[in-house]
Amino acid sequence: MSMADVSIVVLVALFVATLVPRFNIGLAALPAAFLVGLAADRSADEVTSFFPGDFFVLLVGITALFAVAQINGTLDWLLDGILRLVGGRALLVALVPFLIGAVLTAVGTLPAAATAIVAPIALGIAARYGIPPFIAAILGITGIISGLLSPLAVYGTSASRLGAKLGLELPGSAPVGFFLGGLLAGLVVSTVCLVVAFRIGAMPRGHLTPVGPPAAPASAGLDAGPAAESTREEPIGRMASPTAARVLTLVCLLAVVVLSVGFDINIGYLGLTAAVVQQLALRIEPTEIISRVPWNIVLLIGGLLTYVGLMQELGAFTRISELLRVEGSPMLSLLVLCYIAGVTSFAASSIAVFATTMPLVPAVVAEGASPVGAVLAVALASILVDINPLGITGGLILGAARAEDRPRLFRHLLTCGLVSVVVGPALACFAFGWW
């Protein structure tokens, strides 16, 4: 067995091991890279050279920028404004979780953090207005999916950066194409969900009258993670009024978007620069920002991409591409790749699956598939299966539901998740593979 084959077997073992309690693939990926590197006669320095420093800056910069928006209350202000605008109109009330989820991920919130915020809001609204919890949960998740491929989001920036690194020659319009594709996918799923709900009478119509206690505040779950609590952060900048803090944050966010998208300046460094400017201007304690950076995700992506870099060096992805290739049919090759991403992502981290599947895309593109379409299809194939109760997303949703709703909600989410594994990759491939 060649070392390329060994590296493939170890990668599969890492993903299978995620089913073992207390196993962390991010923590294990770097040691795995070191050991496989030793077996392949690669020094520790050579293995370390594969660590993705650019992704480190990207993730830390974007999440630090978003952390400031949490700390100074700008995020609360934006979300509360959305809730006030909709009043009691049935369709708009139902769409609040979708809109909040889309906005959160579009401005750079990680999926788990966005879910921690959206879940209590969605299920609180469901309980207050008599909306089925499953419908509210699906709308919240599809909203999160809709924003995940924006130029500021982790998936969107990762797609562009990985595509460039892998030599896919993506056009300048690729970030917009990714964002529109994700937004369209989320809108289609949420529209189908709402149409079915209204037709079968599961959704109330007209102007809704509250039937329960107030929904969770828009700031619920800001401390993202499986054990997120409902809290409201006090603005920490003592020398600036809340209005001044909001204006500064919005100006910084706009500047980051314009400079990164319009002038192709590194968004990670822009995010860090904007975060430091606000930290000094608003007199925020640095530890408040640093503690909000999701270091577990940084370790996960850093470790996996280090291992992926070693696999590329060993020729593993050339080997996998040969096994997956369907001669003369790039779309079938892409379909196989989408199903690999979807099935694996059902039980593992979607961003980890996406990062380790992307090196297989160039071979499909070389056969004739669209570069933007192939990347978008693989990304959506790994994201759409998140609508299941067995991962972090589902756990956060179930945790936010009322005790009496959880058994039924679990069954509905599980059914939806299993269907998405079968249908999602095919839809992602054939709907977006030609972009």
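User: Which residues of H2 are buried?
Analyst: The model is a predicted one. H2 covers residues 25–39, and its buried residues pack against helix H1 (3–17), helix H3 (44–48) and helix H14 (295–314). The buried residues of H2 are Ile25, Gly26, Ala28, Ala29, Ala32, Ala33, Val36 and Gly37.

User: How many Å apart are the end C-alpha atoms of helix H2?
Analyst: Helix H2 has 15 residues, and at 1.5 Å a residue it should span 21 Å.

User: Which backbone nitrogen does a side-chain oxygen of Asn24 reach at the start of H2?
Analyst: Asn24 places a side-chain oxygen within 2.9 Å of a backbone nitrogen at the start of H2. Beyond H2 comes Asp41, with a positive phi near 65°. The backbone nitrogen that Asn24 reaches belongs to Gly26.

User: Where does Arg283 lie?
Analyst: Arg283 is a residue other than glycine with a positive phi, near 55°. With a relative accessible area of 53%, Arg283 is exposed. Arg283 lies in the loop between helix H12 (267–281) and helix H13 (286–290).

User: Which backbone oxygen does the side chain of Thr157 reach?
Analyst: Thr157 lies in helix H9 (residues 154–165) and is buried, with a relative accessible area of 9%. Not counting residues up to four places away in sequence, Thr157 touches Leu58, Ser150, Pro151, Leu152 and Ile267. At 3.1 Å, the side chain of Thr157 reaches the backbone oxygen of Val154.

User: What distance separates the C-alpha atoms of Gly124 and Ala401?
Analyst: Gly124 is part of helix H7 (residues 111–129) and counts as buried, at 14% relative accessibility. Gly124 and Ala401 are 277 residues apart along the chain, yet their C-alpha atoms are separated by 8.0 Å.

User: Which helix gives the most to the lining of the second largest pocket?
Analyst: The second largest pocket holds about 720 Å³ of space. Of its 30 lining residues, the closest to the centre are Ile138, Val189, Val192, Cys193 and Cys416. Helix H8 (133–147), helix H10 (174–199) and helix H21 (406–432) each supply at least two lining residues. The helix that gives the most, with 12 residues, is H21.

User: How many residues of the lining of the second largest pocket are nonpolar?
Analyst: The lining also has 3 polar and 2 charged residues. The nonpolar residues of this lining number 25.

User: What share of the contacts with a separation of 6 or more is accounted for by residues 24 or more positions apart?
Analyst: The protein has 21 helices and 0 strands. Buried residues make up 53% of its 435 residues. Among contacts with a separation of 6 or more, the share from residues 24 or more positions apart is 80%.

Note on methods:
Residues numbered from 1 in each chain as written. Predicted model: local features only at pLDDT ≥ 70, side-chain atom pairs only at ≥ 80, totals over all residues. Heavy atoms only, no water. Helix = DSSP H or I, 4+ residues; strand = E, 2+ residues; numbered from the N terminus. Expected span 1.5 Å × (residues − 1). Buried < 20%, exposed > 50% of the residue type's maximum accessible area, 1.4 Å probe, protein only. Contact = heavy atoms within 4.5 Å. Polar contact = N/O pair within 3.5 Å; in protein donor to acceptor, adjacent residues only side chain to side chain. 1 Å grid on protein atoms, 1.4 Å probe; cavity = no way out; pocket = protein on both sides within 12 Å on 5 of 7 lines; lining within 4 Å. Points joined across faces, edges and corners; volume = space filled by probe spheres on them. Nonpolar A, V, L, I, M, F, W, Y, C, P; charged D, E, K, R; others polar.
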